[in-house]
Amino acid sequence: MFTQIPQCSAEASRVAGHTRSGTVRRVIDTFSPGGPCKSNLPFCNIVEIEHDDFSVATYGHLDFRGARVACGDVVERGAPIAISGNSGWTYAPHLHFHVVAEGQRVPTLFEVSTAKGMILVKGRHYTRV
């Protein structure tokens, strides 16, 4: 699976653009900012999108009331879906992204300013293209 981190508009540094077309199957954006305590783990705002191949992309740590989509919405690649934030168990605002297919997390390749088609390394920072 190859994913290009989409370019977004006005709120560019915080807008999560969807990576593939699909249908929104779950939205939670009612939690206030979290923090570094593990007790914040269950309070993560998320958007989940199911693709045609039944894989599901999850976007997490979203802002309070940051969803820009609703359950059942069909979204296209690059469409703004949420504002990244600091909900749940986090140390700083960021976007958590993963894909699950057949019950397993799928390694996802990203296009960043330094390479095309690479798996991101935990703890490193990247610039989108």
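Visitor: How many residues does the protein have, and what share of them counts as buried?

Guide: Burial is read from relative accessible area: under 20% is buried, over 50% is exposed, and partly exposed lies in between, using a 1.4 Å probe and protein chains only. Here, 38% of the protein's 129 residues count as buried. Please keep in mind that this is a predicted model, where local features need pLDDT of at least 70, side-chain atom pairs count only at pLDDT 80 or more, and totals for chains, interfaces and linings use all residues. Residues are numbered from 1 along each chain as its sequence is written, and side-chain values use heavy atoms, with hydrogens and water left out.

Visitor: Thanks! How many helices and strands does the protein have?

Guide: Both are DSSP runs numbered from the N terminus: a helix is H or I over at least four residues, a strand is E over at least two. This protein has 0 helices and 12 strands.

Visitor: In what order do the strands of the open sheet lie?

Guide: Two strands pair if DSSP finds at least two bridges between them. In this model, 6 strands make an open sheet, ordered β7-β3-β4-β5-β9-β10, with antiparallel pairing. The edges are β7 (74-75) and β10 (104-105); each has a single partner strand, so one side of each lacks a neighbour in the sheet.

Visitor: What about β8: which strand pairs with it?

Guide: Strand β6 (residues 62-67) pairs with β8 in the antiparallel sense, over 2 bridges. Leu-62 has Ser-84 in β8 as its bridge partner. Of the 5 residues of β8, 4 are buried, so β8 is largely enclosed by the rest of the structure.

Visitor: Now a loop residue. Is Ser-87 buried or exposed?

Guide: Ser-87 is buried, at 1% relative accessible area, and sits in the loop between β8 (80-84) and β9 (96-101).

Visitor: Which backbone atoms does its side chain reach?

Guide: A polar contact is a pair of N or O atoms within 3.5 Å; within protein, one must be able to donate a hydrogen and the other to accept it, and residues adjacent in sequence count only if both atoms are side-chain atoms. A polar atom of the Ser-87 side chain lies 2.9 Å from the backbone nitrogen of Asn-45. The Ser-87 side chain also reaches the backbone oxygen of Leu-62 at 2.9 Å. For contacts in general, the cut-off is heavy atoms within 4.5 Å. Leaving out residues up to four places away in sequence, Ser-87 touches several residues, including Phe-31, Phe-43 and His-61.

Visitor: How many aromatic pairs does a search of the whole structure find?

Guide: Rings of Phe, Tyr and Trp (its six-membered ring) pair if their centres lie within 6.5 Å; planes under 30 degrees apart are stacked, over 60 edge-to-face, and the rest tilted. The search finds 2 pairs. In one, the ring centres of Phe-31 and Phe-43 are 5.3 Å apart with planes at 75°, so this pair is edge-to-face. Both of these residues lie in the loop between β3 and β4 (46-50), 12 residues apart. Phe-31 is partly exposed at 25% relative accessibility, and Phe-43 is partly exposed at 38%. In the other pair, Tyr-59 and Phe-97 have ring centres 5.0 Å apart and planes at 50°, so the pair is tilted. Tyr-59 belongs to strand β5 (residues 56-60) and Phe-97 to strand β9, 38 residues apart. Tyr-59 and Phe-97 are both buried.
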